[in-house]
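The exercises below are meant to be worked with the sequence and the coordinates side by side. Try each task before reading the solution that follows it.

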Amino acid sequence: MEFILSSLKKRCLTFFLGAGVSVSCGLPLWGELKDHLFEEIGGPGVDYEAIRAYLRERERESKLPENIENYPEVIFTIAEDVNGKDFIDTFLLRYFSRFKINPTYRTLISLMRWGYLTHIFTTNQDTVLPR
């Protein structure tokens, strides 16, 4: 804790954020988001196994990595192939626009505004922090 306070005072603090910060704002993890996306791609009564079989076939054809359904950019491309160019933008806007700023984000935002926080590294794909 002393190191953190010292870094804060020197204005040289960097944070590494994971999905937990966004989940606490009400945003889904990739697995949950992917399941909702599969439902929308396939409509009601979606056949997950048919979608996964389709993904496996694309893996073989394109020499893509195994477990392709864990690669959002591939899933998004397929979703747009099936449902049209604006499908993903509309889908993601619906999910990433309904969040609640939690105390962690409020603190990070304040630290950034006051100049105490120099960098934030994250693998999150949402837009909570930039807002």
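A residue is called buried when its relative accessible area is under 20%, exposed when it is over 50%, and partly exposed in between, with a 1.4 Å probe and protein chains only. The model is predicted, so that local features need pLDDT of at least 70 and side-chain atom pairs count only at pLDDT 80 or more, while totals for chains, interfaces and linings use all residues. Residues are numbered from 1 along each chain as its sequence is written, and side-chain values use heavy atoms, with hydrogens and water left out.

**Exercise 1.** Determine whether I4 is buried, partly exposed or exposed, and state where I4 is found.

Solution. Begin with the location: I4 is found in helix α1, residues 2-10, where helices are DSSP runs of H or I with at least four residues, strands are runs of E with at least two, and both are numbered from the N terminus. Next take the accessibility: because its relative value is 40%, I4 counts as partly exposed. Finally, I4 and T14, which are 10 residues apart in sequence, have C-alpha atoms 9.6 Å apart in space.

**Exercise 2.** Describe the overall make-up of the protein, from its secondary structure to its contacts.

Solution. The secondary structure comes to 7 helices and 2 strands, and along the sequence these follow the pattern α-β-α-α-α-α-α-α-β. Of the 131 residues, 32% count as buried. For the contacts (heavy atoms within 4.5 Å), consider those with a separation of 6 or more: residues 24 or more positions apart account for 67% of them.

**Exercise 3.** Characterise helix α5 and its packing against α6.

Solution. Helix α5 covers residues 72-83, which makes 12 residues, and it reaches 16 Å from its first C-alpha to its last, close to the 16 Å expected at 1.5 Å a residue; the expected span is 1.5 Å times one less than the number of residues. The buried residues of α5 are V74, I75, F76, I78 and A79. After the helix comes G84, whose phi is positive, near 105 degrees.

(Axes are lines fitted to C-alpha atoms, for helices over the stretch in contact, and angles run from 0 to 180 degrees between N-to-C directions.) On the α5 side the contact is made by F76, A79, E80 and N83, and on the α6 side by F87, I88 and L92.

**Exercise 4.** Which accessibility class does each of F96, F99 and N102 belong to, and which residues does N102 touch?

Solution. F96 is found in helix α6, and at 13% relative accessibility F96 counts as buried. Its C-alpha atom is separated by 8.9 Å from that of P28, 68 residues apart along the chain.

F99 has its place in the loop between α6 (87-96) and α7 (103-113), and F99 is buried because its relative accessible area is 18%. The C-alpha atoms of F99 and L27, 72 residues apart along the chain, are separated by 6.4 Å.

N102 also lies in the loop between α6 and α7 and counts as buried at 8% relative accessibility. The side chain of N102 reaches the backbone nitrogen of T104 at 3.1 Å. Leaving aside residues up to four places away in sequence, N102 touches V21, S24 and C25.

Key
A polar contact is a pair of N or O atoms within 3.5 Å; within protein, one must be able to donate a hydrogen and the other to accept it, and residues adjacent in sequence count only if both atoms are side-chain atoms.
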